[in-house]
Amino acid sequence: MGVMNLTPDSFSDGGRIRGVDQALPQARRLLAQGADLLDLGAQSTRPGAEEVGAPQELQRLLPVLTAIRAAHPAAVLSVDTFHAAVAEAALAAGADWINDVRGGSRLRDPAMAGVVARAGCPYVVMHSRGDSGAMDALAVYGDVVAEVRAELQAATDRLTTAGVRADQILWDPGLGFAKTTDQNLELLRRLPELAGAGHPLLVGPSRKRFIGAVLGESRPRARLWGTAAVCALAVARGAAVLRVHDVGPIAQVVRMAAAVDPAQHDRLPPSSAVT
Ligand code: HH2
């Protein structure tokens with residue numbers, strides 16, 4: 001999954017894509033480099049990020065989504081949003097997946113469950129606690145893996161009660177969201193415990209702070225090799241989808257890992273693949 005942030009303030013690539021003219025070549029590049037799907041986001045989720053609201057998110061998103069949809073009819077397009085109105089408009093404009101960083105906690109927008117249930121689309125349910133202002137203070141766990149798993153299961157139960165099919169749901173441990181460095185590492189170490197719950201696992205380590213903390217690397221774009229190490233290990237431990245900025249190098253990492261262990265292919269169930 002190639003990341004396309006249509007934001008001025010994302011932590012590692014803010015301001016790089018300002019509109020359709022820059023988004024189209026970037027989409028073409030990521031697909032050519034081996035991305036199986038693109039994730040378009042118009043609201044930064046980094047700790048402390050300002051919430052722009054659904055209308056501005058839509059203003060940033062819809063022209064780009066429409067243009068990419070027209071240029072790449074077969075590409076799988078995901079939209080990273082916690083607003084139901086944005087998800088609904090994006091699905092109407094041709095998006096295939098919804099990626100919700102608040103899907104695995106109390107939904108930021110309770111209407112999201114109905115939108116996703118009606119669409120029947122793949123839905124990434126990411127673990128987090130609180131909003132971007134509060135999340136760092138909420139990184140308090142006894143057993144982080146057990147608690148993340150239990151909170152993802154509780155969110156999944158609420159969603160299926162609201163009409164979302166279980167086979168629409170992917171799980172994501174939410175690396176860096178209400179997690180300390182040690183908690184992120186523990187989640188990665190024990191990823192099979194999450195993979196065993198029956199939902200395809202998406203993992204998003206790309207350029208994140210915990211990699212910078214381990215390596216003493218303050219520049220997010222210089223965290224590629226740390227990201228690559230995490231990706232290889234995550235694939236070996238059950239991840240089905242990796243959300244990354246540096247698609248070319250990481251596609252090689254994944255292909256090489258899959259050549260060593262062919263069982264890593266085809267982790268997504270049919271309903272989660274191209275819709
Ligand atoms: N991480 C970010 C954003 N969305 N979605 C999922 N499912 N999993 C993640 O780990 C994840 C995510 C944060 O990264 P980025 O998009 O690069 O930064 P920002 O939120 O500042 O735009």
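**Cores, salt bridges and a pocket in a predicted model**

The largest nonpolar core comprises 71 residues. M4, L38, L61, I68, V79, I98 and L242 have the most contacts inside this core. A nonpolar core is taken as a set of buried Ala, Val, Leu, Ile, Met, Phe, Trp, Tyr and Cys residues joined through side-chain atoms within 4.5 Å. Buried means under 20% relative accessible area, exposed over 50%, and partly exposed in between (1.4 Å probe, protein chains only). A second, separate core has eight residues, including M1, L37, V124 and V241.

The model is predicted: local features need pLDDT of at least 70, side-chain atom pairs count only at pLDDT 80 or more, and totals for chains, interfaces and linings use all residues. Residues are numbered from 1 along each chain as its sequence is written, and side-chain values use heavy atoms, with hydrogens and water left out.

Within the largest core, V79 was examined for its contacts (heavy atoms within 4.5 Å). Residues up to four places away in sequence were not counted. V79 touches D39, L40, L61, L65, V86, A90, A95, W97, I98 and N99.

T156 is found in helix 5 (residues 144-161). Helices (H or I, at least four residues) and strands (E, at least two) are DSSP runs, numbered from the N terminus. T156 is buried, because its relative accessible area is 2%. Leaving aside neighbours within four places in sequence, T156 is in contact with I169, W171 and H199. L233 lies in helix 9 (residues 224-236). L233 counts as partly exposed, at 47% relative accessibility. The C-alpha atoms of L233 and G103 are separated by 25 Å. These two residues are 130 residues apart along the chain.

Side chains of opposite charge can pair when their charged atoms come close. The structure holds 16 salt bridges, each defined as a side-chain nitrogen of Lys or Arg within 4 Å of a carboxyl oxygen of Asp or Glu. One of them joins the side chains of D9 and R46 (3.7 Å, N to O). D9 lies in the loop between strand 1 (2-5) and helix 1 (20-32), and R46 in the loop between strand 2 (37-41) and helix 2 (54-71), so the pair ties together parts that are 37 residues apart in sequence. D9 is partly exposed at 22% relative accessibility, and R46 is partly exposed at 28%.

R165 forms a salt bridge with D167, with the closest N and O atoms 2.9 Å apart. R165 is partly exposed at 39%, as is D167 at 37%. E217 pairs with R219 in another salt bridge, the closest N and O atoms being 2.8 Å apart. Here E217 is buried at 16%, whereas R219 is exposed at 53%. A network of salt bridges links D143, E186, R189, R190 and E193.

The second largest pocket has a volume of about 540 Å³. On a 1 Å grid over the protein atoms alone, a pocket is an open set of points where a 1.4 Å probe fits, with protein on both sides within 12 Å along at least five of seven lines; lining residues have an atom within 4 Å of a point. Grid points are joined across faces, edges and corners, and the volume is the space filled by probe spheres set on the points. The lining has 33 residues. F11, T45, R46, F177 and K208 lie nearest the pocket centre. Helix 6 (181-189) and helix 8 (209-215) are the elements that give two or more residues to this lining.
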